[in-house]
Amino acid sequence: MYVCGPPVRTPPPHVSHMHGKDNIKDRARGPRDEERNDRCSGNFRVRLESADQAPANQEPCVVLNTRRASRRLRGAERRNMTPETRTDTRGVASASRQCFSLWRKKNVPQKAAGGSWSPLGLDEEGRRGHRVGHLVPGGVRHLQRFWGASGDFWQDLWTKLHVTFEGHHTALFYLGTMLVPTLAFWGVNALLLLVDTTGKPAFITRYRIQVDKNNPVDKRKLFHALKTVLFNHLCISGPMVVGAYQLMTLRGDPCGPQLPTFHRALLELAFFSILEELMFYYSHRLFHQPSLYKRFHKQHHEWTAPIGIVCIYAHPLEHMISNMLPVALGPVVLASHLTTTSLWLCMALISTTISHCGYHLPFLPSPEFHDFHHLRFNQCFGVFGVLDRLHGTDAKFRLTKQYERHSLLTGLTPLSESVPDAPTKGRDL
């Protein structure tokens, strides 16, 4: 509706001398060009005047159309324009930028805005990090390029969702932190349960870590575990998410209109991971103390050969302190945006499912570390193994074949075949 044609910046003076003034002056300027310029200038002028009077809840994607218009006057259109026309359209582009700035001042909190708009989804601080991207590891740079190339898409998508739930941010938060992680958790576990109960597809069972266990899984034992898992998921995790939302709203709106920058999201996810490693390791070791193990943690270790759904099969107190708190505390401490929180919860649930699934599948993180914990009880307490190495609680694990298999499988040959079980010098556990 507001896209009249893409304005072009005026070329620098040396361009005219380079191509010759006569060639530029001889270019035809037809009536359609005159009409287009008049129409564009009028529409942008009307839009600029109306933007100043727009209500605070006006849909921002309409204003964003003026910015999209400023990108389209390139290519063939440029060759048909005189220097005077280019000067006029330069004013049109300036008007579109003023229009967008007016909307931001009225609708985007200053803290959330964090600086000028960037098509990469980066504020000034983020662009400084973008300029030193050569210092970032290769994998992170690829993610950064993907985020930069699709930044407008994600921001537009979030803007539409944000406008749809205008005035109902509580419902939006619960959808993002309850519904989305729940779908991710049960979607992955439904596929794993199909393999555990039917043994099909057969090629997946080749990757089972403890070959002689859960083939197929005991259905009575599985049904008992499912009841506990559902109780923990609905009656423990749900109320804790509600409490987390109440704490996060004390420091601002976690459903703000502007998405976090790529670097901000990456740093927050790194902080969440470190905090989870610290809290889970020490709380997990605490529950292995004899006075607490028999009463609380022994329930989780009923499965010496775990399956995916067992990741939250635990006593309610243990689920609250050792499973939920290390994951939920990070977003509360940083008052994170809903999108970062939702992504983190999905990652945490899928990661712990893979750690318990019992299958060392290609191109997925190795579950050998935590599977060995269920097998031996007194080894491998952490998530990443950093604190286990520091405290020496992985010493026996590092002498086993499981440790030799503890790597990313990049082929289709199961590691149980390429690294078969055989007596080794340090296997006496």
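Which residues in α11 meet which residues in α13? Residues are numbered from 1 along each chain as its sequence is written, and side-chain values use heavy atoms, with hydrogens and water left out. In this predicted model, local features need pLDDT of at least 70 and side-chain atom pairs count only at pLDDT 80 or more, while totals for chains, interfaces and linings use all residues.

**View 1. The contact of α11 with α13.** His169, Thr170, Phe173, Tyr174, Thr177, Met178, Thr182, Phe185, Trp186, Leu193 and Thr197 in α11 meet Lys219, Leu222, Leu226, Val229, Leu230, His233, Gly238, Val241, Val242, Tyr245, Gln246 and Met248 in α13. Contact denotes heavy atoms within 4.5 Å; helices (H or I, at least four residues) and strands (E, at least two) are DSSP runs, numbered from the N terminus. The residues of this contact comprise 14 nonpolar, eight polar and one charged. Here Ala, Val, Leu, Ile, Met, Phe, Trp, Tyr, Cys and Pro count as nonpolar, Asp, Glu, Lys and Arg as charged, and the others, Gly among them, as polar.

**View 2. Packing geometry of α11 and α13.** The two helices pack at an angle of about 160°, and their axes are 11 Å apart. α11 is therefore roughly antiparallel to α13, a term for angles over 145 degrees. Axes are lines fitted to C-alpha atoms, for helices over the stretch in contact, with angles from 0 to 180 degrees between N-to-C directions.

**View 3. The largest nonpolar core.** This core has 14 residues, of which Phe185, Trp303, Ile307 and Ile309 touch the most other members. Such a core is a set of buried Ala, Val, Leu, Ile, Met, Phe, Trp, Tyr and Cys residues joined through side-chain atoms within 4.5 Å; buried means under 20% relative accessible area, exposed over 50%, and partly exposed in between (1.4 Å probe, protein chains only). α11 (169-198) and α13 (219-249) each supply at least two residues of the core, and α13 gives the most, with three. Apart from it lies another core, of 11 residues, including Trp158, Leu172, Phe173 and Cys255.

View 4. Asp196 is buried, its relative accessible area being 3%. Beyond its neighbours within four places in sequence, Asp196 is in contact with Asn214, Pro216, Val217, Ile307 and Tyr359. The C-alpha atoms of Asp196 and Val217 are separated by 5.7 Å, although the residues are 21 apart along the chain. A cis peptide bond, with omega about 0°, joins Asn215 and Pro216; Pro216 is found in the loop between α12 and α13.

**View 5. Helix α18 (residues 368-376) and the residue that follows.** Seven of the nine residues of α18 are buried, namely Glu368, Phe369, His370, Asp371, Phe372, His373 and His374. They pack against α14 (262-287), α17 (338-356), α19 (386-391) and α20 (401-404). Just after α18, Phe377 takes a positive phi of about 75°, although Phe377 is not a glycine. Phe377 is partly exposed, with a relative accessible area of 29%.

**View 6. The loop between α16 (316-334) and α17.** Ala335 lies in this loop and has a positive phi near 50°. Ala335 counts as partly exposed, at 27% relative accessibility. Most residues other than glycine have a negative phi.

Key:
Parallel < 35°, antiparallel > 145°, perpendicular 65-115°, else oblique.
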